[in-house]
Amino acid sequence: MSAAADPAPSAAPSDSDLVRAARGLPVSRTPVWFMRQAGRSLPEYRALRAGTGMLAACQDPDLVTEITLQPVRRHGVDAAILFSDIVLPLLVAGVDLDIKPGVGPVVAQPIRSVADVDALPPLEPDRLAFLDTAVRQLVAELGPTPLIGFAGAPFTLATYLIEGGPSKEHARTKAFMYAEPEAWGRLLDRLAVSAATFLRTQVDAGASAVQLFDSWAGVLSAADYAERVLPHSRAVFDGLGSRDVPRIHFGVGTGELLPLIGDAGADVVGVDWRIPLDEAARRVGPGRSLQGNLDPAVLLADRSTVDREVRRVVEQGRAARGHVFNLGHGVLPDTDPGVLTHVVELVHELSMSPAHPTTPTA
């Protein structure tokens, strides 16, 4: 792409640097946001959440609004991401689950049979009034800053339903996938419908982009992902219909799956810290932008190390059609918020330098 003058900062979220980078268009500077930017690293978040359970907080529009806004105010990030949880659609639909401190999501009655799959309750749109309210409040408060909506991908939600909680091996999930292919397909079909419903509600209320988190897809081979998971992730994105918002798709440990993750319908492929962005750009191809991919642990190191690694990620990101700077996974709880603010400022400084134009090179 030929060089172009930097566009003027936009007053419309739909023409923000985040959306433009996602579409591979010239930007005024590389946009930055952080997965889990609204959360435990912020003292104001911990104070606000005191005494309120995670899933209860996610259903309170006023709490969702305030928590989502906190990192935008503090860090000056280029996008907000809705404060929520990937298992929330399951809870709202009627699945008996809770988030146990120090453990994660725990399902009271895990799926163990074909009958359990068929008994999974659907997510009815009329149960998402709280979500519609929260997003509309946020869009009004954010002004030109875009809001990213999100949902959990069918495979990752299936792992929680089948394992009953977090797992390292996901052995029960994969055994069910292999032994009960028809029931597996029905389960992921239902979860895809739920995720699409959750995302449509957010987009219709004003979200400017969406991200689908497939946190545990990295436990699969490329062949299994392509045959048994990808069609269902594609169904989530297809469920957005003609809604013209960028689609971001992210998983952990998915270096071997990057081209397939893009093929599921993503405009932007999220990359964890295990693969350099220039190599990720080669694997994904020129038709999609990249998001990532600073190792979250780097933020716990000394300032010179942080600066060196941020510079490396920014430089390698120039190989992509468009680049959204982010971490390779979520912000760690012990991260100093001041370091996050510094990273935002440094990325902006580097990407606005005349020696480093932000017009995509691919």
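Which helices each supply at least two residues of the lining of the largest cavity? Select helix H5 (88–93) and H10: each of them does. Keep both on screen; the tour returns to them.

**Before you start**

This is a predicted model, in which local features need pLDDT of at least 70 and side-chain atom pairs count only at pLDDT 80 or more, while totals for chains, interfaces and linings use all residues. Residues are numbered from 1 along each chain as its sequence is written, and side-chain values use heavy atoms, with hydrogens and water left out. Helices (H or I, at least four residues) and strands (E, at least two) are DSSP runs, numbered from the N terminus.

**Stop 1: the largest cavity**

Rolling a probe the size of a water molecule over the atoms shows where empty space is left. On a 1 Å grid over the protein atoms alone, a cavity is a set of points where a 1.4 Å probe fits but cannot get out; a pocket is an open set with protein on both sides within 12 Å along at least five of seven lines; lining residues have an atom within 4 Å of a point. Grid points are joined across faces, edges and corners, and a volume is the space filled by probe spheres set on the points.

The whole structure holds 3 cavities of 30 Å³ or more. The largest contains about 70 Å³ of space. Select its lining: Leu90, Ala93, Leu120, Pro121, Pro122, Leu123, Arg190, Leu191 and Ser194. H10 gives the most, with 3 residues. Colour the lining of this cavity by class: 7 nonpolar, 1 polar and 1 charged. Here Ala, Val, Leu, Ile, Met, Phe, Trp, Tyr, Cys and Pro count as nonpolar, Asp, Glu, Lys and Arg as charged, and the others, Gly among them, as polar.

**Stop 2: the second largest cavity**

Its volume is about 40 Å³. Select Pro13, Val139, Leu142, Gly143, Thr145, Leu147, Gly206 and Ser208, which line the second largest cavity. This lining has 4 nonpolar, 4 polar and no charged residues.

**Stop 3: the largest pocket**

Now go to the largest pocket, with a volume of about 1200 Å³. Its lining has 42 residues; Arg36, Arg40, Met54, Ser84 and Asp85 lie nearest the centre. The lining of the largest pocket divides into 24 nonpolar, 11 polar and 7 charged.

**Stop 4: H9 against H10**

Select helix H9 (residues 171–179) and helix H10 (residues 181–204). Their axes come within 5 Å and cross at roughly 115°. Axes are lines fitted to C-alpha atoms, for helices over the stretch in contact, and angles run from 0 to 180 degrees between N-to-C directions. Thr173, Phe176, Met177, Tyr178 and Ala179 in H9 meet Pro181, Ala183 and Trp184 in H10. These contact residues divide into 7 nonpolar, 1 polar and no charged. Contact means heavy atoms within 4.5 Å.

**Stop 5: salt bridges**

Side chains of opposite charge can pair when their charged atoms come close. A salt bridge is a side-chain nitrogen of Lys or Arg within 4 Å of a carboxyl oxygen of Asp or Glu. The whole structure has 18 of them.

- Asp132 and Arg136 pair at 3.0 Å, N to O. Both lie in helix H7 (residues 129–142), 4 residues apart, about one turn of the helix.
- Asp263 and Arg288 pair with their closest N and O atoms 3.8 Å apart. Asp263 lies in helix H13 (residues 258–263) and Arg288 in the loop between helix H14 (277–284) and strand S8 (289–294), so the pair ties together parts 25 residues apart in sequence.
- Asp272 and Arg274 pair at 2.4 Å, N to O.

**Stop 6: buried or exposed?**

Buried means under 20% relative accessible area, exposed over 50%, partly exposed in between (1.4 Å probe, protein chains only). Asp272 is buried at 3%. Asp132 is partly exposed at 24%, and Arg136 is partly exposed at 44%.

Next, select helix H8 (residues 154–163): 10 of its 10 residues are buried. Among them are Phe155, Tyr160 and Glu163. Gly164 follows H8, and its phi is positive, near 90°.

Finish at Thr341, in helix H16 (residues 337–352). Thr341 is buried, with a relative accessible area of 16%. Leaving aside neighbours within four places in sequence, Thr341 is in contact with Arg74 and His75.
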